[in-house]
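Me: I would like to learn how to read the features of a protein model. Please take them one at a time, with the general idea before the case.

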Amino acid sequence: MVWITGLAESGKTTVSRRLINRLTRVGIKPVHLDGNAVREAVGTEGHAFDRTGRMSMAFTYARFSRMLSDQGHVVVCSTISLFHEVHSWNRRHIRNYLEVLLDVPMQELKRRDSKGVYAGVKKGEVVGVDLDPEFPVAPDLRIVNFSGTTPDDAAERIYRACKHDSSTGSSHRHEKGSI
């Protein structure tokens, strides 16, 4: 289970899609849980983006990830979900949990702002501007995702980390095995 997190516009969905393509090329068919798509699927896209609403959705992503992972699926979840409580829950409850932080400076995030997130369109609801992010304390991978790092580079680093765990039999959580 790969949990890809970072602020809005950090490249979570793009990197996740590249990772999924990489996995598919080696015969693995992962399930992609993208934060925005899951909100839409469960009918909560219009609900609160305040701290309480975001925390509730973060746990929804986490529980879906655990449920699918427990059924034997490889899960890639791309979500902001920057709450220590959620990261801790994931580490305790999801087998083979790999936490990836995409680290991008605010200036670059604002430059990429394709949805108007940082331009004030969603005033009062932006993690990193209006809401304090709780970046992972010790992510398994921290990828500086701008400048010389392409989405393919980031996806390959994640793939190699997953493959390493699988080949060594180590796991980030309870049981052996991984991607």
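Reply: Start with burial: a residue counts as buried under 20% relative accessible area, as exposed over 50%, and as partly exposed in between. Keep in mind that the model shown is predicted.

Me: Which class does asparagine 96 fall into, buried or exposed?

Reply: Asparagine 96 has 15% relative accessibility and therefore counts as buried. Asparagine 96 sits in the loop between helix 4 and strand 4. Arginine 95 is in that loop between helix 4 and strand 4 as well, and is buried with a relative accessible area of 19%.

Me: What share of the chain is buried?

Reply: Of the 179 residues in the chain, 48% are buried.

Me: How many helices and strands are there, and in what order do they come?

Reply: The chain has 6 helices and 5 strands. Read from the N terminus, the order is β-α-β-α-α-β-α-β-α-β-α.

Me: How should I read phi?

Reply: Most residues other than glycine have a negative phi. Asparagine 96 has a positive value, near 55°. Serine 147 is another non-glycine residue with a positive phi, at about 60°.

Me: Where is serine 147, and is it buried or exposed?

Reply: Serine 147 is in the loop between strand 5 (141–144) and helix 6 (151–168). Its relative accessibility is 72%, so serine 147 counts as exposed.

Me: Which other residues of that loop can I look at?

Reply: Asparagine 145 and threonine 149 both lie in the loop between strand 5 and helix 6. Asparagine 145, at 4% relative accessibility, counts as buried. Threonine 149, at 25%, counts as partly exposed.

Me: Val104 is in the list for asparagine 145. Where is valine 104 found, and what does it touch?

Reply: Valine 104 is in the loop between strand 4 and helix 5 (106–112). With 8% relative accessibility, valine 104 counts as buried. Leaving out residues up to four places away in sequence, valine 104 touches Ser10, Leu109, Arg112, Asn145 and Phe146.

Me: How do I compare separation in sequence with separation in space?

Reply: Take a pair of residues and read both values. Valine 104 and valine 144 are 40 residues apart in sequence, and their C-alpha atoms are 6.0 Å apart in space. Arginine 95 and aspartate 70 are 25 residues apart in sequence and 7.7 Å apart in space, C-alpha to C-alpha. For leucine 33 and alanine 62, the values are 29 residues along the chain and 9.8 Å between C-alpha atoms.

Me: What does the chain as a whole show?

Reply: Among contacts in the chain with a separation of 6 or more, 73% are between residues 24 or more positions apart.

Me: Where is leucine 33, and which residues does it touch?

Reply: Leucine 33 is in strand 2 (residues 31–34) and is buried, at a relative accessible area of 10%. Residues up to four places away not counted, leucine 33 touches Val38, Tyr61, Phe64, Ser65, Leu68, Val75, Val76, Cys77 and Ser78.

Me: How is a pair of packed helices described?

Reply: Two packed helices are described by the angle between their axes and the distance between the axes. Here the axes of helix 3 (residues 51–70) and helix 4 (residues 84–93) come within 10 Å and cross at roughly 15°. Angles under 35 degrees count as roughly parallel, so helix 3 and helix 4 are roughly parallel to each other. Their crossing is right-handed.

Me: Which residues make the contact between helix 3 and helix 4?

Reply: From helix 3 come Met55, Ala58, Phe59, Ala62, Arg63 and Arg66, and from helix 4 come Glu85, Val86, Trp89, Asn90 and His93. By class, this contact has 6 nonpolar, 2 polar and 3 charged residues.

Me: How do I find the buried side of a helix?

Reply: An α-helix has 3.6 residues a turn, so residues three or four places apart point the same way. In helix 4 the buried residues are Val86, His87, Trp89 and Asn90. They cover an arc of only 160° around the axis, and therefore lie on the same side of helix 4.

Me: What do the buried residues of helix 4 pack against?

Reply: They pack against strand 1 (2–5), helix 3 and strand 4 (98–103).

Conventions
Residues are numbered from 1 along each chain as its sequence is written. This is a predicted model: local features need pLDDT of at least 70, side-chain atom pairs count only at pLDDT 80 or more; totals for chains, interfaces and linings use all residues. Side-chain values use heavy atoms; hydrogens and water are left out. Axes are lines fitted to C-alpha atoms, for helices over the stretch in contact, and angles run from 0 to 180 degrees between N-to-C directions. Helices (H or I, at least four residues) and strands (E, at least two) are DSSP runs, numbered from the N terminus. Angles under 35 degrees count as roughly parallel, over 145 as roughly antiparallel, 65 to 115 as roughly perpendicular and the rest as oblique. A crossing is left-handed if the near helix is turned anticlockwise from the far one by less than a right angle, and right-handed if clockwise. Contact means heavy atoms within 4.5 Å. Ala, Val, Leu, Ile, Met, Phe, Trp, Tyr, Cys and Pro count as nonpolar, Asp, Glu, Lys and Arg as charged, and the others, Gly among them, as polar. Buried means under 20% relative accessible area, exposed over 50%, partly exposed in between (1.4 Å probe, protein chains only). The arc is that of the directions from the helix axis to the C-beta atoms.
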